[in-house]
Amino acid sequence: MRYTVSRFISLLLTLLLLLSGCSGGEPSEPPVSAVPSDFPIETSVISLPDVSTEQTETIVLTDEDLHKGDLLLVNRNVYYDASLCADEVTSVREGRTTQIQEGTYQLPIGKALLSRLETMQADLQSATSADIVFLVNDSYRTMDAQQAVYDDLLEQYGQAYVDQYVAPVGRSEHHTVLAADLSFYDLSSGAILATTSDGAAPYYAWLLENCRKYGFILRYTTEKEAITGYSAESWHFRYVGVPHADYIAAHSLALEEYLEQLKSTSFESRLTIQTDRGERYSVYYVPASSGETAVRVPKGDYTVSGNNVDGFIVTVREE
Ligand SMILES: [Zn+2]
């Protein structure tokens, strides 16, 4: 019985999410803010003195690469085709190695994202000594799935309604494998706890404070509504990777603002980010050329991500 009720509530939650926030925004949430940052994080834009002697190589990236990586921007103005990452998708049920829960049967999700959520969940459990797991209400959504929701609501409620509440096809972060709508599930009681419910308070506080260490940010806050174009969503977490999540949290930025700031960096003038975990990174931007882009990278530990618009971000692990 409890299980049935839980499933019912879960379905309701999922339906609500499809209707609102993650599709367009329901203005009934209390103000949602990322936790103010008081952790020590040193950042600076520096010119590397030894850049001429650094061992480097040149890699060639294509237009296709522009739409791959952890730092993709997708919003009302920036389109993303969900089929680009379809190969990376599993379902929570098929891919999980823990008791992480799914909001609907066989909920689609990126393989790497699922694994990252499970890692964060394990530390949440240790930190709070609670039998708590994440319940993923929504993650990856195909274009067809978004279209079906859109069409259905258009037919039921009309154009004005969908314009306000439903993300157009190709304009949702849920088309990538980088976003998840989370609530909590109490394994011992079977209770589902929405992020802002009283019962979730200790778990949600932990999540807000610590998610950056796992590369996640709270994507839509009340303060940044004008920039993100979406109403605040307490449940929508976005993977951007470390150290970007650290920097974004430390400086209370929207992803849009961070990606814009990075455009003032270059191979010779990088943003350095020192995390409170003793890691140091340097980050720089390379504008994309049409067709192929030659990108100078240091030999060693680095990753590259497209921004889904006009350039690439190189992240170098310095120590
Ligand atoms: Zn969402």
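Let's start at one residue: Ser-282 is buried, with 21 other C-beta atoms within 10 Å. Here "buried" means that 20 or more other C-beta atoms lie within 10 Å of a residue's own; 12 or fewer makes it exposed, anything in between partly exposed, and the C-beta atoms are placed from the backbone. Before going on, bear in mind that this is a predicted model, where local features need pLDDT of at least 70 and side-chain atom pairs count only at pLDDT 80 or more, while totals for chains, interfaces and linings use all residues. Residues are numbered from 1 along each chain as its sequence is written.

Ser-282 sits in strand S12. Strands (E, at least two residues) and helices (H or I, at least four) are DSSP runs, numbered from the N terminus. Leaving out residues up to four places away in sequence, Ser-282 touches Arg-270, Leu-271, Thr-272, Val-316 and Glu-318. Touching, or being in contact, means that the C-beta atoms of two residues, placed from the backbone, lie within 7 Å. Take Val-316: it is 34 residues away from Ser-282 along the chain, yet their C-alpha atoms are separated by 5.1 Å.

Now zoom out. The protein chain has nine helices and 15 strands. Of its 319 residues, 39% are buried. What about contacts between residues at least 6 apart in sequence? In this chain, 70% of them join residues at least 24 apart.

Next stop, helix H9 (residues 255-262). Which of its residues are buried? Leu-255, Tyr-258, Leu-259 and Leu-262 are. They cover an arc of only 95° around the axis, which puts them on the same side of H9. The arc is that of the directions from the helix axis to the C-beta atoms. Among the elements covering the buried residues of H9 are strand S9 (216-220), strand S10 (233-239), helix H8 (244-250) and strand S15 (311-317).

Phe-237 is buried, with 26 other C-beta atoms within 10 Å. If you ignore neighbours within four places in sequence, Phe-237 is in contact with Ala-180, Leu-182, Cys-211, Phe-216, Leu-218 and Arg-219. Leu-218 is 19 residues from Phe-237 along the chain, with 4.8 Å between their C-alpha atoms.

Leu-218 also leads us to helix H6. Leu-208, which lies in H6, is 10 residues from Leu-218 in sequence and 7.4 Å from it in space, C-alpha to C-alpha. Leu-208 counts as partly exposed, with 18 C-beta neighbours inside 10 Å. Elsewhere in H6, Tyr-203, Tyr-204 and Leu-207 are buried. They cover an arc of only 95° around the axis, so they end up on the same side of H6. On the other side, Ala-201 and Ala-205 are exposed. The cover over the buried residues of H6 includes helix H3, strand S6 (132-138) and strand S7 (179-186).

How do H3 and H6 pack? Helix H3 (residues 111-128) and helix H6 (residues 201-210) meet at an angle of about 125°, with their axes 10 Å apart. The axes are lines fitted to C-alpha atoms, for helices over the stretch in contact, and angles run from 0 to 180 degrees between N-to-C directions. The two helices are therefore oblique to each other: angles under 35 degrees count as roughly parallel, over 145 as roughly antiparallel, 65 to 115 as roughly perpendicular, and the rest as oblique. The contact is made by Leu-124, Ala-127 and Thr-128 of H3 and Pro-202, Tyr-203, Trp-206 and Leu-207 of H6. These divide into six nonpolar, one polar and no charged. In this scheme Ala, Val, Leu, Ile, Met, Phe, Trp, Tyr, Cys and Pro count as nonpolar, Asp, Glu, Lys and Arg as charged, and the others, Gly among them, as polar.

Finally, look at some loops. In the loop between S10 and H8 you'll find Pro-243, and the peptide bond from Val-242 to Pro-243 is cis, with omega near 5°. Ser-252, in the loop between H8 and H9, has a positive phi of about 50° although it is not a glycine. Asn-308 has a positive phi too, about 75°, and is not a glycine either. Asn-308 is found in the loop between strand S14 (302-306) and S15.
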